[in-house]
Amino acid sequence: MKTLSVVNHKGGVGKTTLTVVLLHLLAERGLKVLAVDLDPQANLTLCLTQNISEDIPQSYHLLIKGSSQPISLGNIDLIPSSLLLSQAEFELVSMHARELRLKRALSTFNSYDLILVDTPPNLGILTINALIASDGVLIPVETQFFSLSGLKHIFMVLQELEEYTGIKTQVVALAPTFYEKHVALHNKVLEELQKLPYKVLPPIPKRVGFQYASINRGDLKQLDQEALKILSTYAEEVIKWLRGT
Ligand SMILES: Nc1ncnc2c1ncn2[C@@H]1O[C@H](COP(=O)(O)OP(=O)(O)OP(=O)(O)O)[C@@H](O)[C@H]1O
Ligand SMILES: [Mg+2]
């Protein structure tokens, strides 16, 4: 079992969309996957379930009580989220080992091949918990100019976490998003990303199909063949990483 977080503190770069599509592609390939929604916006939960009752066990309980019961959605299990999670951010402030709580709670879910964590658009205590709990991170990056400076911030946080906790979280890959091949600036940003010492996966094209997938429980049939083929290379890359090859 390995844990992978999808992280970027910039909002709207495609974290949740990539998480949802990957969950489906990996489940289709026979992997036992657990999705954890660690964003109080609960977009992953809304996308996969359309609605949940606020009373059910969720990621708030995972962090604050130390455990939670996943809900089963066919071939994907989910620990959902709701606005209640924003309360956890305050409660954690007065708790000991506040940054290690997700790691401890997730260690009990060892029957899964992969735990995939969707994170909020900030580098606060929830995202720090996700980084520390994860073997690796997948970083969606919009193919826009300012994306590069935001990336440096994530690398700095990863380096500091390693220095202070001794826990190393691997950058599995960068995932360029909202790519339009005819836009020169997008290609320039792609070139800059490729100069970094990390694996850069094929750019995910900007397509309305992703938006339809989001509102249809991540239905892969909403994606065109080219988009699906590109995302399939992501699934294969995650499988290679799980196998350590
Ligand atoms: N490749 C794409 N092409 C077109 N639209 C996309 C693509 N990827 C995501 N979107 C749409 O862009 C919006 C933002 O995507 P998403 O919610 O996945 O980003 P996010 O990084 O999770 O945002 P947040 O930081 O708020 O959690 C959504 O409406 C989604 O449907
Ligand atoms: Mg999101």
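Me: Why is L48 called buried?
Reply: L48 has 22 C-beta neighbours inside 10 Å. A residue is buried if 20 or more other C-beta atoms lie within 10 Å of its own, exposed if 12 or fewer, and partly exposed in between, with C-beta atoms placed from the backbone. L48 therefore counts as buried. The structure is a predicted model, in which local features need pLDDT of at least 70, side-chain atom pairs count only at pLDDT 80 or more, and totals for chains, interfaces and linings use all residues. Residues are numbered from 1 along each chain as its sequence is written, while chains are lettered from A and ligands numbered from 1 in the order in which they are written.

Me: Where is L48 placed, and with which residues is it in contact, leaving aside its neighbours within four places in sequence?
Reply: L48 belongs to helix α2; helices (H or I, at least four residues) and strands (E, at least two) are DSSP runs, numbered from the N terminus. With those neighbours left aside, the contacts of L48 (C-beta atoms, placed from the backbone, within 7 Å) are V20, A35, L73, I76, L78, R217 and G218. The C-alpha atoms of L48 and S214 are 8.3 Å apart in space, although 166 residues separate the two in sequence.

Me: What makes R217 partly exposed?
Reply: R217 has 16 C-beta neighbours inside 10 Å, a count that makes it partly exposed. The residue lies in the loop between α9 and α10 (225-243). R217 is not a glycine, yet its phi is positive, at about 55°.

Me: Why is A42 called buried?
Reply: A42 has 25 other C-beta atoms within 10 Å, so the residue is buried. Its place is the loop between β2 (33-37) and α2 (43-49). A42 also has a positive phi, of about 60°, without being a glycine.

Me: How do you know that the length of α7 agrees with its number of residues?
Reply: The expected span of a helix is 1.5 Å times one less than its number of residues. For the 19 residues of α7 (residues 147-165) this should give 27 Å, and the end C-alpha atoms are 27 Å apart, which agrees. After α7 comes G166, with a positive phi near 80°.

Me: How do you know how the buried residues of α7 are arranged around its axis?
Reply: The buried residues of α7 are S147, L151 and I154. Seen down the axis, they fall within an arc of 60° (taken from the directions from the helix axis to the C-beta atoms), so they line one face of the helix. An α-helix has 3.6 residues a turn, so residues three or four places apart point the same way. β6 (136-142) and α8 (184-194) are among what covers these buried residues. The face turned away from the buried side carries the exposed residues S149, K152, M156, Q159, E160, E163 and Y164.

Me: What makes α1 mostly covered?
Reply: Of the 14 residues of α1, 13 are buried. Its 14 residues should span 20 Å at 1.5 Å a residue, and its end C-alpha atoms are 20 Å apart, which agrees. Just after α1, G30 has a positive phi of about 90°.

Me: Which residues and helices surround ligand 1?
Reply: The shell holds 19 residues, the closest being G11, K15, T16, T17 and P121; a residue is near a molecule or strand if its C-beta atom, placed from the backbone, lies within 6 Å of it. α1 (15-28) and α9 (208-214) each supply at least two residues of this shell. By class there are five nonpolar, ten polar and four charged residues, where Ala, Val, Leu, Ile, Met, Phe, Trp, Tyr, Cys and Pro count as nonpolar, Asp, Glu, Lys and Arg as charged, and the others, Gly among them, as polar.

Me: Why is F210 called buried?
Reply: F210 has 22 other C-beta atoms within 10 Å and is therefore buried. The residue sits in helix α9. Leaving aside its neighbours within four places in sequence, F210 is in contact with T17 and L223.

Me: What makes L231 buried?
Reply: L231, in helix α10, has 24 other C-beta atoms within 10 Å, so it is buried.

How values were computed:
Contact = placed C-beta atoms within 7 Å.
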